[in-house]
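Have the sequence and the 3D view open as you read.

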Amino acid sequence: MKVDADAAKATVLDLDGKAHELRELWKDGTTVLVWLRHFG
Amino acid sequence: MFCREQAVQLHRELPAIRKKGAGLVFIGNGNANFAKGFKDEFEIEAPVYVDSRRKTYEALGFSRSPFSFISVGATKAAARALGAGFRQGLTQGDAFQLGGVLVVDGKGEVLFRHASQHAGDHPPVKDVLAAL
């Protein structure tokens with residue numbers, strides 16, 4: 001099953017404020033992606 | 001506390017993850033300053049991203065509930081995390097948002113998915129590594 005296409009295009013920001021589509025995060029190969037509840 | 005526990009546990013496995021040719025990234029729903037503080041405090045070498053509007057959480061079906069930390073499971077998870085020495089810091093993001101873990105290959109195929117059902121509901125690290 002592939003990541004939902006719309007989800008793959010949703011954006012996150014790096015710490016410099018640059019936007020990245022989610023799919024960019026795994027473009028270099030298999031990636032473990034961890035969504036934290038928050039940063040506390 | 002739960003976020004710290006999960007981040008530290010998975011980050012400890014970064015060498016093993018890299019040995020398998022994979023990467024590790026964290027995404028949180030606070031702002032960039034929160035993320036920078038988090039990265040510095042826990043010496044997180046892996047990339048950290050911010051989704052303040054929680055759009056990716058929503059798109060991937062990660063739940064948000066004011067009752068996420070009021071459950072037997074959350075209570076057990078709190079005891080586990082406290083027993084491991086983790087303490088609750090200031091909430092830096094949406095306290096009601098639950099997280100999750102995906103392992104995705106380079107073509108976008110989902111190799112592993114875990115959506116937290118309550119606060120502290122993290123997948124066993126060995127299960128994440130087994131998906132690589």
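## Some ground rules

Here is how residues are sorted by class: Ala, Val, Leu, Ile, Met, Phe, Trp, Tyr, Cys and Pro count as nonpolar, Asp, Glu, Lys and Arg as charged, and the others, Gly among them, as polar.

This is a predicted model, where local features need pLDDT of at least 70, side-chain atom pairs count only at pLDDT 80 or more, and totals for chains, interfaces and linings use all residues. Residues are numbered from 1 along each chain as its sequence is written, chains are lettered from A and ligands numbered from 1 in the order in which they are written, and side-chain values use heavy atoms, with hydrogens and water left out.

## The largest cavity

A cavity is a set of points, on a 1 Å grid over the protein atoms alone, where a 1.4 Å probe fits but cannot get out; lining residues have an atom within 4 Å of a point. Grid points are joined across faces, edges and corners, and a volume is the space filled by probe spheres set on the points. The count comes to 2 cavities of 30 Å³ or more.

The largest cavity has a volume of about 60 Å³. Its lining has 12 residues, and A:R37, B:Q6, B:G99, B:S116 and B:H122 lie nearest its centre. Sorted by class, this lining holds 4 nonpolar, 7 polar and 1 charged residues.

## The second largest cavity

The second largest cavity holds about 40 Å³ of space. Lining it are B:Q6, B:Q9, B:L10, B:H122, B:P123, B:V125 and B:V128, which sort into 4 nonpolar, 3 polar and no charged residues.

Helices (H or I, at least four residues) and strands (E, at least two) are DSSP runs, numbered from the N terminus. In chain B, α1 (2-12) and α6 (125-130) each supply at least two residues of this lining. The largest share, 3 residues, comes from α1(B).

## A quick look at chain A

Chain A has 1 helix and 3 strands, running α-β-β-β from the N terminus on. Along its principal axes, the C-alpha trace of chain A spans about 30 × 20 × 20 Å.

How much of chain A is buried (under 20% relative accessible area, with a 1.4 Å probe and protein chains only)? Of its 40 residues, 55% count as buried.

Technical notes: 1 Å grid on protein atoms, 1.4 Å probe; cavity = no way out; pocket = protein on both sides within 12 Å on 5 of 7 lines; lining within 4 Å. Buried < 20%, exposed > 50% of the residue type's maximum accessible area, 1.4 Å probe, protein only.
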